[in-house]
Structure formats: structure tokens, C-alpha cells
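Good morning, colleagues. Please look at the sequence and the structure on the screen, and we shall then discuss its charged residues.

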Amino acid sequence: MDLVPHPDSPHSDTNDNGGVGSSAPGLLLSPSASSASSPAGGGGGAASSALASPSRYESQKRRDWNTFGQYLRNHRPPLSLARCSGAHVLEFLRYLDQFGKTKVHTPACPFFGHPSPPAPCPCPLRQAWGSLDALVGRLRAAYEENGGRPENNPFGARAVRLYLREVRDHQSRARGVSYEKKKRKKVPAPPHPVPAAVISASSSVASSPHDGNGHSHHHHYEHHHHHQMPPPPPPPGAAA
């Protein structure tokens, strides 16, 4: 899809996919690209277009990639993708802030840290952290899909990760919201059931009159009782 500059195109902070729609100013689909993407007409053409249409994620990723490519071409001096680094990605993300629609309160604002301000304030609008994080993820995937090497991926640079973390922490404090994922409570695993065969065997052993050697306890008692020594005779003085 070709993109051409247009000075009066609208901008939006996020779209249904959590991405930055029309992020760069004045980027618009050219008429040739729009006509090429429309179905040729006829039932068969509409059916094949429906089957070949990409997912919403893929469509958003393609739009983001085209927007970033337009940004590189408008860069002064123009910047090639091979020379793009994490620093250029940070420039792009900061550049998008001017089109954001998320209110981020400054520390001097009385509504700093208030999740639901009761009145308007002059604090700036910024791109939401969630939108930037999702955008970087899509561009990171698109970079490698378009021939970039993973080890040279500027969207995976450490500086970009640190920047996103700073934006998340700052917006969390300024807006009074938490971006931390709730940890699920671990449910203790139920005890392993004892097989019925083991229970049956143990109960039969406990009820059996035999010992471990197969001998009867009753016979063993009678055996010892039968060989009991007689009591000693009384002393001679006791008889008198």
C-alpha cells in the first residue's frame, strides 16, 4: 500500500487493535492503492477477496509498517531501514506523542495520580503506554518479516525497552492507574488418590491373623504356652 502526504488527514490515538492509527501527520492511502484494494466486482471476486483478506492484526501491522517507512523517508536527512537504530525508534515514538489522546497529568497538576479527574486541566495529551507497547511489538515482527535480521532489530533494542518501561511507570503514577498484571493465586493440587487395590491389600493384611512369615499368631501363642517351664518347687522349710 502506497502512502502519500496529506496535510489535512485526521489523527487518532488508538484504534480497535490497540494500535496507533494514522500516527504520522498527513499520511493517507493514495487513490491507486485504494482502488487496487477494492474488489473487482462479481460474486467470485468478492468471495476470493474475503478468503484472501488478512486478519485485523496483520492489517494493522502492515499499516504501522507503512507509516514507519513514510517517517523514515520524511526524515531529514532521509534514513534507510538498514541504518535505523534504537535511537531512531525513540524519535519516532516521541514524535507520535503529539497525536496522542491520553491525558497525562504533570506533578504540579492538582489531579496528579487521580484516576477520574472531576474537572479539565491543561496537562498534555500523550500516546497511551499500551498503544506504544503494542505498536513496538508489531513493528518488531514486521521488521523481521521484511528481511531484517533479529540481532539487528532496532525495535528490540534495550533503549526502547527502557523507554517503554519509563512511560508505563510515569503514566501509572500520573493517571493513578496500575498496569501491573494481577497474579493468579495458585490452587493447591489435590492429593493423589490411593488406588483401590492398595487399600484392599492393606486392609486384608491388617485383618489377617498371620504375621509377615505366614505363621498364625494364635498358633504362635499356643506354641509358647505349651513349652512354658513349670514353677520351681517350694523350699523345704516352707513344707514344714
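Let me start with a question: does Arg 140 count as buried, partly exposed or exposed? Arg 140 counts as partly exposed, because its relative accessibility is 40%. In these terms, buried means under 20% relative accessible area, exposed means over 50%, and partly exposed lies in between, with a 1.4 Å probe and protein chains only.

Two remarks on the source. This is a predicted model, in which local features need pLDDT of at least 70 and side-chain atom pairs count only at pLDDT 80 or more, while totals for chains, interfaces and linings use all residues. Residues are numbered from 1 along each chain as its sequence is written, and side-chain values use heavy atoms, leaving out hydrogens and water.

I turn to the overall fold. Nine helices and four strands make up the pattern of the protein chain, where helices (H or I, at least four residues) and strands (E, at least two) are DSSP runs numbered from the N terminus. Along the sequence, the order is β-β-α-α-α-α-β-β-α-α-α-α-α. Of the 240 residues in the protein chain, 28% are buried.

Next, the salt bridges. The structure holds five of them, each being a side-chain nitrogen of Lys or Arg within 4 Å of a carboxyl oxygen of Asp or Glu. In one, Glu 145 pairs with Lys 61, and their closest N and O atoms are 2.6 Å apart. Glu 145 lies in helix 5 and Lys 61 in helix 3 (residues 56-74), so this pair ties together parts 84 residues apart in sequence. Glu 145 counts as exposed at 53% relative accessibility, but Lys 61 is buried, at 4%.

Asp 64 and Arg 138 also meet in a salt bridge (2.6 Å, N to O). This pair links helix 3, which holds Asp 64, to helix 5, which holds Arg 138, across 74 residues. Both partners, Asp 64 and Arg 138, are buried.
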